[in-house]
Amino acid sequence: MASETMTAADYIKHHLESLTSLSDVTRGQGLKNIADFSFVNIDAVFFAVVLGALGSFFLWRGAKTATAGVPNRFQAAVEMLYEFVDDMCKGIIHNAESRKAVAPLGLALFVWIFLMNAMDLLPVDLLPMAWQGVNGDKGALLRVVPTADLNTTLALAIGVLLVCIYYNIKIKGGKGWLHELFTAPFGPFLAPANFLLNIVEFLSKTVSHGMRLFGNMYAGELVFMLIALLGGAWAASGSVTLMDPFLFVMHILAGVAWAIFHILVITLQAFIFMALAFVYISQAHEAH
């Protein structure tokens, strides 16, 4: 995309680099490590904020237009989604007072993550090429799937961790939670081991929570890039060959098939993240 001589490896490398400044000062330094947190990925933050606002408007509009009569299709869809999330929350979290805040949180997480995941269904080069036109630079960087960025998914997981800590303190009290950290599960005589084990448990749940979502969306993004390369190979050929129609047809068929399957993936990943958030918050209500 950046040039006519771009190889397949260059194409994928280009698409996996994030926009870390409006002038793309990091371009040419090579693909950053996936776990490099020394940069603020502006594209991930921008699309996450925009989609979060869109999801909030979607839910607000559903509540604003709700009527006691026969609901329209939009209201019915919002009500079905809310009832689905609320029923799941009731089945996992048995504290009615906590559910008043946790159920809306789960609904917000599901809608937000679904919208961020759904950016993967856009053509790979659509928004990056539009950004290149605005930026006036054929090598301009832009990643449009926030959840394919480890920074985003770990931030979401850390947010869930903070909610878990809040409910640990709220339900058990500050002293009660600290006592649990040092006495569970092996008793007070192994306090250092208990504390270390509990801290590792919190960290492992948080890291796995974020990594699960990131890994699936990152892999899906790579598959879309590989499919796009089929079309790129067809379009970049200087002359018509017998392989060109085959590559073009394969590009269309593979893209449509993977997009249809990916609708299930993006929905399932949003659901799993929400469900695990409920489970972890529910564990914060339990005494050991």
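Guide: Let us start with Ala-284, which lies in helix H9; helices here are DSSP runs (H or I, at least four residues; strands are E, at least two), numbered from the N terminus. This is a predicted model, in which local features need pLDDT of at least 70 and side-chain atom pairs count only at pLDDT 80 or more, while totals for chains, interfaces and linings use all residues. Residues are numbered from 1 along each chain as its sequence is written, and side-chain values use heavy atoms, with hydrogens and water left out.

Visitor: Is Ala-284 buried or exposed?

Guide: The terms rest on relative accessible area: buried means under 20%, exposed over 50%, and partly exposed in between, computed with a 1.4 Å probe on protein chains only. Ala-284 has a relative accessible area of 3% and is therefore buried.

Visitor: Which residues is Ala-284 in contact with, leaving aside its neighbours within four places in sequence?

Guide: Contact means heavy atoms within 4.5 Å, and on that basis Ala-284 touches Cys-164, Tyr-167, Asn-168, Ile-171 and Lys-172. A C-alpha separation gives another view: Ala-284 and Val-163 are 121 residues apart along the chain, and their C-alpha atoms are separated by 9.1 Å. For the protein chain as a whole, 73% of the contacts with a separation of 6 or more join residues 24 or more positions apart.

Visitor: How many helices and strands does the protein chain have?

Guide: The protein chain has nine helices and zero strands, and of its 288 residues 41% count as buried.

Visitor: How does one check the span of a helix such as H2?

Guide: The expected span is 1.5 Å times one less than the number of residues. Helix H2 (residues 42-64) has 23 residues and should therefore span 33 Å, which agrees with the 32 Å between its end C-alpha atoms. Among the buried residues of H2 are Asp-43, Phe-47, Leu-51 and Gly-55, and what covers the buried residues of this helix includes helix H3 (73-92), helix H4 (96-118), helix H5 (126-135) and helix H6 (150-172).

Visitor: Which residues does UniProt list for "transmembrane region"?

Guide: The unreviewed UniProt entry lists residues 39-60, 101-119, 150-169, 213-236 and 248-281 under that heading; the positions are given in the numbering used here, feature names are shortened, and annotations may be inferred rather than shown by experiment. In the model, residues 101-119 are 95% helix and 0% strand, with end C-alpha atoms 28 Å apart, and residues 150-169 are 100% helix and 0% strand, with their end C-alpha atoms 28 Å apart.

Visitor: How many residues does the largest nonpolar core have?

Guide: A nonpolar core is a set of buried Ala, Val, Leu, Ile, Met, Phe, Trp, Tyr and Cys residues joined through side-chain atoms within 4.5 Å. The largest one has 40 residues, and those with the most contacts inside it are Val-102, Leu-109, Ile-113, Leu-156, Phe-273 and Phe-278. H2, H3, H4, H6, H8 and helix H9 (243-284) each supply at least two residues of this core, and its largest share, 10 residues, comes from H9. Leaving aside neighbours within four places in sequence, Ile-113 is in contact with Thr-147, Leu-156, Leu-213, Ala-270 and Phe-273. A second, separate core of 12 residues includes Met-6, Phe-214, Tyr-218 and Met-225.

Visitor: How many salt bridges does the structure hold?

Guide: A salt bridge is a side-chain nitrogen of Lys or Arg within 4 Å of a carboxyl oxygen of Asp or Glu, and the structure holds five. In one of them Lys-90 pairs with Asp-86, the closest N and O atoms being 3.4 Å apart; both residues lie in helix H3, four residues apart, about one turn of the helix. Lys-90 counts as partly exposed at 42% relative accessibility, whereas Asp-86, at 15%, is buried. Lys-100 forms a salt bridge with Glu-97 at 3.5 Å between the closest N and O atoms, and both of these residues are exposed.

Visitor: How many disulfides does the structure hold?

Guide: A disulfide is a covalent bond between the sulfur atoms of two cysteines, identified here as a pair of cysteine sulfur atoms within 2.5 Å. The structure holds zero disulfides; as for individual cysteines, Cys-89 is buried with a relative accessible area of 0%, and Cys-164 counts as buried at 5%.
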